[in-house]
Amino acid sequence: MSSFDEMDAFEGASLSARAMAARPAPYLDELNPEQRLAVETMDGPVLMLAGAGTGKTKALTARIAHLLTTGRARQDEILAVTFTNKAAREMKERVGRLLGGTADGVRWLGTFHSICVKLLRRHAELVGLKSNFTILDTDDQIRLLKQLIRAEGIDDKRWPPRMLANIIDGWKNRALTPDKVPAADAGAYNDKGPKLYAAYQARLKELNAVDFGDLLLHVVVIFQKHPDVLEQYQRWFKYILVDEYQDTNVAQYLWLRLLAASHKNICCVGDDDQSIYGWRGAEVGNILRFEKDFPGAHVVRLEQNYRSTPHILKAASGVIKGNSGRLGKELWTEVPDGEKVRLIGHWDGEEEARWIGEEVESMQSGTRGMRRVSLDDMAILVRASHQMRAFEDRFLTIGLPYRVIGGPRFYERLEIRDAMAYFRLVISPDDDLAFERIVNTPKRGLGDKAQQTIQVAARAAGVSLVEGARMAVDQGLIKGKGGSELRKLVEGLSRWNSKLHGPVRAVGLGEDDVLDDGADGPQYEYGPPEISHMELAEIILDESGYTTMWQNDKTPEGPGRLENLKELVKALEGFENLQGFLEHVSLIMDNSTEDSGEKVSIMTLHAAKGLEFPAVFLPGWEDGLFPSQRSMDESGVKGLEEERRLAYVGITRAEELCTISFAANRRVYGQWQSQMPSRFIDELPEAHVEVLTPPGLYGGGYGAAGMGGASSGIEKRAMEANVYNSPGWKRLQERAATRPISQPKESRNTVIDLNAVSSYVMGERVFHQKFGYGAIIGIEGDKLEIEFEKSGTKKVVARFICAADDVPF
Ligand code: ATP
Ligand code: MG
């Protein structure tokens with residue numbers, strides 16, 4: 001808008017608005033006509049319903065910039081809601097860039113939760129709370145429910161509190177206060193659900209606390225019961241914008257409808273195929289109902305995808321086709337075909353992490369014959385956050401910088417560093433830095449003054465802080481609770497230290513030694529420890545009060561920290577002792593770069609919504625893991641369809657290169673489990689997928705796949721074990737290579753053919769590297785059901801076993 005004629009559209013507007021509108025709007029030039037329509041239609045409701053990567057978020061961001069540039073609203077008069085904190089941050093940055101400054105003044109741009117906390121703090125008294133209310137985490141919520149359940153005389157073993165928590169969350173997501181729970185739900189939780197819900201809400205009020213679901217529920221109630229308050233915000237928020245609208249639940253939907261009811265300037269964007277929060281009560285119907293709710297809405301459909309190559313788009317479409325009841329959209333793109341989606345199967349999860357690490361490195365250095373890819377442009381998207389550690393460990397080991405989106409890196413997490421300080425101090429009581437870190441964590445009443453007393457005592461005697469503390473305790477230098485707690489700590493440290501090894505025993509008295517001159521007398525050494533280092537780690541964390549500290553923590557992070565401590569203990573498993581583990585961590589942390597240089601991202605699929613990366617790795621495509629067993633068990637076909645949408649979200653994050661992988665074996669809670677490839681893999685359209693050679697027994701390694709000749713991990717391990725060097729094993733390899741695997745049809749690299757039919761017969765005795773010997777009791781294509789002699793019945797893929805007679809050792 002630069003001429004006076006055009007500015008007449010702003011007749012009656014203030015001078016400043018006219019001047020603002022006269023500024024150039026380069027952001028409009030970057031949009032296609034449909035997007036422009038969505039941006040420039042500023043009065044009344046607008047719905048942008050379109051597939052992944054079609055520029056919905058781009059248009060939404062441009063719309064905010066346009067509202068501000070044209071003076072339609074001031075920064076704090078715009079309410080913009082999105083789903084993750086990262087998405088909110090990015091949106092704010094983008095608006096800032098479009099405006100050529102910052103968008104810090106767009107104060108009401110955030111997630112539903114962050115915006116509702118602000119609103120609720122302002123009006124808490126209207127729902128019987130004080131403005132400094134606490135937000136309970138899941139652990140607290142469960143503890144509270146347990147008390148109420150027991151008070152009702154219900155057996156909480158048969159009727160677990162978590163079940164009630166889910167039921168209550170469900171009601172809250174539907175904006176149902178206890179008095180509104182429908183009669184149809186009266187039977188919930190053994191008929192006691194509604195009564196316990198009421199009791200729970202009453203108790204929360206007494207505690208001046210809310211849970212996550214309350215944040216929205218309370219605000220909706222306030223809006224419904226206090227029209228004056230609602231009106232105030234209806235006037236204030238001149239424009240409402242919502243990204244990822246397909247994931248709104250009923251409470252969020254009501255909240256938005258109430259706020260938009262008078263001016264109806266609401267613009268929602270979304271994609272029904274990307275609805276992935278059904279498990280939290282999201283109703284994809286909300287987006288489909290928009291036109292009914294807001295008659296006269298402008299509906300904008302976008303079909304051109306600007307993000308991904310055709311192969312990636314078609315692979316994603318192929319998978320999502322498996323869902324019923326879709327609106328069904330055809331996406332197209334102008335970009336050239338690019339590389340096919342790559343698919344690779346691995347022996348186990350570690351192999352998968354190792355392979356991805358090597359791929360990332362070679363892409364970063366540009367040795368794969370493709371252009372150099374920055375680490376910032378690569379992402380690893382997992383279904384479950386526990387999958388992340390394998391990658392973190394691997395990347396730390398090889399010194400590959402990475403970031404975890406949605407949380408700090410594993411070994412940098414506060415609780416992990418605290419726990420490791422305890423371990424360090426148990427192993428070396430001279431580690432003063434570790435002592436300083438944990439002396440008052442958890443709180444022991446040892447403030448600055450007490451710590452100074454310890455320091456002075458230690459310095460005077462020229463000993464470590466632990467010794468100084470012991471002296472301070474013995475001499476009664478620290479009084480009261482601090483003194484007795486410090487005594488407990490130093491006693492604990494000695495006790496835990498003594499468990500690092502078994503009792504001292506004499507050695508060197510064997511017969512040979514008798515012939516020795518015996519001048520040195522007998523030698524002594526420690527016997528083996530009586531408990532494992534994993535048990536010891538747990539004891540340290542429990543007895544020091546560290547675990548309890550997080551159990552009592554009231555912040556939303558508490559439960560996650562406890563999970564991480566469990567994961568830490570699990571990580572110890574791979575080491576001989578605590579010391580070995582600490583050395584490993586200090587070495588790998590040394591490699592890690594703290595600078596702000598490029599980093600590969602690791603995050604969950606849920607956290608990746610709305611984001612995009614040139615190269616995406618999608619590991620762990622195994623039935624049970626992805627699609628998640630829990631989701632299928634809890635929600636049947638609906639759950640499976642949601643998992644499929646998650647697969648669609650994952651694939652469509654990729655711009656140029658998308659790599660899907662799975663492992664045949666995975667360690668779950670210390671037990672090896674055989675895994676079946678995800679059913680989604682067979683839904684990928686073959687024409688758009690290239691199957692890569694796994695770096696395993698039967699493939700030609702990386703060399704065959706044209707990826708540089710490095711010898712793979714499984715081969716290396718095999719060499720180390722010196723088993724596979726035997727002539728027998730070589731014979732087996734030759735036979736195996738011709739046996740269950742049909743040769744590739746079109747891809748030069750294909751060695752795994754997922755549809756290959758096994759040539760094994762029922763009852764045949766076979767061998768599996770992890771599960772040992774067993775007999776085949778079922779055959780389904782290349783999937784065999786085997787009753788293993790030691791590890792029970794499992795399903796495995798044929799290429800990971802061999803005939804028992806062929807085993808060379
Ligand atoms: P998702 O459904 O995954 O959230 P989306 O529809 O929100 O995707 P955007 O993230 O807004 O899509 O856009 C995808 C990519 O396409 C971005 O890199 C964006 O800059 C680019 N893009 C969008 N529209 C255009 C356009 N008109 N011209 C060029 N590039 C565009
Ligand atoms: Mg988007």
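This is a predicted model: local features need pLDDT of at least 70, side-chain atom pairs count only at pLDDT 80 or more; totals for chains, interfaces and linings use all residues.

Biologist: How many cavities of 30 Å³ or more does a search of the whole structure find?

Modeller: A cavity is a space where a 1.4 Å probe fits but cannot get out. In this model the search returns ten that reach 30 Å³ or more, and the largest cavity holds about 120 Å³ of space.

Biologist: Which residues line the largest cavity, and which lie nearest its centre?

Modeller: Its lining is made up of 13 residues, with Thr 57, Ala 87, Asp 243, Gly 610 and Leu 611 lying nearest the centre. By class, the lining divides into four nonpolar, four polar and five charged residues, and helix H6 (residues 85-99) supplies the largest share, four residues.

Biologist: Turning to helix H11 (residues 212-225), what span does it reach from its first C-alpha to its last?

Modeller: Helix H11, with 14 residues, reaches 21 Å, which is close to the 20 Å expected at 1.5 Å a residue.

Biologist: Is helix H11 largely enclosed or largely open?

Modeller: Buried means under 20% relative accessible area. Eleven of the 14 residues of H11 are buried, so the helix is largely enclosed by the rest of the structure. Among the buried residues are Leu 215, His 218 and Phe 223, and the cover over the buried residues of H11 includes helix H7 (112-123), helix H9 (161-173) and strand S5 (209-210).

Technical notes:
Residues are numbered from 1 along each chain as its sequence is written. Chains are lettered from A and ligands numbered from 1 in the order in which they are written. Side-chain values use heavy atoms; hydrogens and water are left out. On a 1 Å grid over the protein atoms alone, a cavity is a set of points where a 1.4 Å probe fits but cannot get out, and a pocket is an open set with protein on both sides within 12 Å along at least five of seven lines; lining residues have an atom within 4 Å of a point. Grid points are joined across faces, edges and corners, and a volume is the space filled by probe spheres set on the points. Helices (H or I, at least four residues) and strands (E, at least two) are DSSP runs, numbered from the N terminus. Ala, Val, Leu, Ile, Met, Phe, Trp, Tyr, Cys and Pro count as nonpolar, Asp, Glu, Lys and Arg as charged, and the others, Gly among them, as polar. The expected span of a helix is 1.5 Å times one less than its number of residues. Buried means under 20% relative accessible area, exposed over 50%, partly exposed in between (1.4 Å probe, protein chains only). Contact means heavy atoms within 4.5 Å.
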